[in-house]
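Hi,

Here is the structure I promised to send over. Have a look at it first, and then read my notes below.

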Amino acid sequence: MSHTADDLRTDAQAGPLTTDGLVQLLDPDGNRVPHPQYDERVAHLDADALRALYRDMVLVRRFDVEATALQRQGELALFAQALGQEAAQVGSGRALAAQDHVFPSYREHGVAHTRGVELTDVLRLFRGVDHGGWDPTAHGFHLYTLVIGSHALHATGYAMGVQRDGAVGTGDPQRDTAVVAYFGDGATSQGDVSEGLVFAAVNQAPVVFFCQNNQWAISEPTTLQARVPIADRAPGFGIPSVRVDGNDVLASYAVTAEALERARSGGGPTFIEAFTYRMGAHTTSDDPSRYRPAEQEEYWRRRDPIDRLRAHLEQTRELPQEFVDALAAEADALGEHIRTTVRAMGRPSPASMFEHVYATPHSVVDAERAWFQQYEASFLEGHGQHGEGSAR
Amino acid sequence: MTTTTEQATGQTTPKAAAPELTGTQRLTFAKAINLGLRRALADDPTTLLMGEDIGRLGGVFRVTDGLHAEFGSARVVDTPLAESGIVGTAIGLAMRGYRPVCEIQFDGFIFPAFDQITTQLAKMHYRSRGRLTLPVVIRVPYGGGIGAVEHHSESPEVLFAHTAGLRVVSPSSPAQAYSMIQEAIASPDPVLFFEPKGRYWEKGDVDLDATPADGLDGARVVRPGTDVTLVAYGPTVQTALKAAEAAAAEGTSIEVVDLRAISPLDTATVAESVRRTGRCVVVHEAPVLYGTGGEVAARITEECFFHLQAPVLRVGGFHAPYPVAKIEHDYLPSLDRVLDAVDRALTF
């Protein structure tokens, strides 16, 4: 394969991959870049807060590495890495309030971490022992959605419920509530995302549409989803939008904080496009070498969001060795915890497939479960005649 | 409702309620559903109606007539014209603690919402291991016989009954409609509520003071008989009753079973009947191929094979798109076709 400079420098392209208008507070070398509109949004973030963001990203990265290794060892059926998108996810996630509600796609491990979801619970889905894995109401973090874009509507409907509860525009920071839908560039081609934008706009619902444009929908580049920057669509719906450097954790935090404030105060929805890069494969079943050049991956590896914040903290001499060492030990412990916990996740009982199909008894499910249990038992007991009247 | 939300969404405030109807009244099917919805709205402030033209217009069939004026536009919600959006936002509202009742304007327009219904609504309780319940009702005026244009006369109920996690019901009379719509709204499970639109203007006695107690599942024998069991639901129950009437004049005793629900399918009630009659005919407007009749036939054959005097027969739509209005009555299971099937069952 031969590649033009444009192939490598996707961020320099026009159209949906342009870097025009990206809000940036940290440049790729970690230098703090002043921004007249967003500086105030991060002014309160002291060195401890920045180190906390750094810690979040490092732990989520470690989670990614461990989960990928577990998949390669056959312990997980599949895994979808968040690799490269930690800043967009942690920055936006840390801008949320406890009462806010998140509707993620399936790669939002960084957001899950900020919502207090036990990361090993995320792996229940990928191990094949659960379709969900955590209590969505306890964390304000809904289950992963695999049907691309479907949850943009759930988020909007949830936000319409928030409006009906009077939990918008009261001025009470403990009460006013925002909802965030996370999805990718590919999802923006789905009708449900557009319908979500319509419903959110006409209802002025307190919802933030957070699109991580990671430039790849499995093998399809964003140029197959759009001709113009994806954020440019939102104003056509009557929704303000902003493009942010998604590899900049501070900028991701700042634009999300602004959008959340608009939502909570009754100002309606916002569309955020976080421009980032899927550094890994779509999932462990994918092979990016078939459709994108290694040079492009290398280009973005040099723009790693974690390296950027580390460079900044080193420049400002706010990353003492004791912190680095303690974090490394914490990451090692997390890795050990993940390996141990995942390997201990046992196979559910076969009859559990009948549980929770309905909230109330359903005679067909009950009959099939009864038949199945009798059938299973017949192997143990050495008998099991099923005559007229069996459910199967 | 807060002032903020009303301002934000341009919602109107409720007006004075219409005079209360009580006792047993002779009502149309549509009015019975209307009053069932009204009672649910009045009894539970989390109940919402959502759909296209259901507000000031009262719905294209006027089933929600007067409810917007009484309960306001925050609870009787005219939505954008997008069925997936209606069901998808209803799912979100349900997660927030509301009980949305969606109206899909016509059967043939439900398909943009098919994904939300089958991949999301049906599975959320299951995939959350019971942590989330989605008490969403989707009302679907369905079936033919009204002389409509394409996509306005279809019977897609089996497509939903095939999906675990959904309850699929269809009332057959105004009294059933009044109670079943309230039970559907009260159910913690998602319910597809198929309303036989061709029967909307037929009248029946409805006890408006009765507390709904029949449940959403369980077939019922609506006319006892001894020679043939005629199984129907929704719009074809009236057809079956007329067939029984006609057959009685010729000395044949038909037992009519109203399934009420096709998910769950109550085979036990049908089997109990067939063990007595030995013959079974199933009638529905939906196409016969892969339909409810096929499922009933298979289950009855399993349950009471040695009681059957004839194969279970099916009367329903053909494997052709719903035809143009001028010939729709040749497609629908008419009284004559039902009686023909009864004769075939008797002479097998």
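Predicted model: local features only at pLDDT ≥ 70, side-chain atom pairs only at ≥ 80, totals over all residues.

Start with Glu261(A) and Arg41(A), whose side chains form a salt bridge at 3.0 Å, N to O. This one connects distant parts of the chain, since Glu261(A) belongs to helix 11 (residues 249-264) of chain A and Arg41(A) to helix 2 (residues 39-42) of chain A, 220 residues apart.

Over in chain B, Asp258(B) and Arg220(B) make a salt bridge at 3.4 Å, N to O. Asp258(B) sits in strand 11 (residues 254-258) of chain B and Arg220(B) in strand 9 (residues 220-223) of chain B, so the bridge ties together parts that are 38 residues apart in sequence. Asp258(B) is buried, with 0% relative accessibility, whereas Arg220(B) is partly exposed at 28%.

The pair Arg299(B) and Glu295(B) is a local one: both residues are in helix 11 (residues 292-304) of chain B, 4 residues apart, or about one turn of the helix. Their side chains meet in a salt bridge at 2.5 Å, N to O. Arg299(B) counts as buried at 17% relative accessibility, and Glu295(B) as partly exposed at 37%. As for the network, salt bridges with shared partners join Arg62(A), Glu66(A), Asp332(A), Glu336(A) and Arg339(A) into one.

Now for the strands. Strand 3 (residues 179-184) of chain A is mostly covered, with 5 of its 6 residues buried. What does strand 3 of chain A pair with? Strand 2 (residues 101-103) of chain A runs parallel to it, joined by 3 bridges; here Val102(A) has Val180(A) as its bridge partner. Strand 4 (residues 207-213) of chain A is also parallel to strand 3 of chain A, and 6 bridges join the two. Among the residues involved, Tyr182(A) is partnered by Phe210(A). To get from strand 3 to strand 4 of chain A, the chain passes through helix 9 (residues 191-203) of chain A, giving a right-handed β-α-β crossover.

Cheers

Conventions
Residues numbered from 1 in each chain as written. Chains lettered and ligands numbered in written order. Heavy atoms only, no water. Salt bridge = Lys/Arg side-chain N within 4 Å of Asp/Glu carboxyl O. Buried < 20%, exposed > 50% of the residue type's maximum accessible area, 1.4 Å probe, protein only. Pairing = 2+ DSSP bridges. Right-handed = clockwise from strand over helix to strand, strands pointing away.
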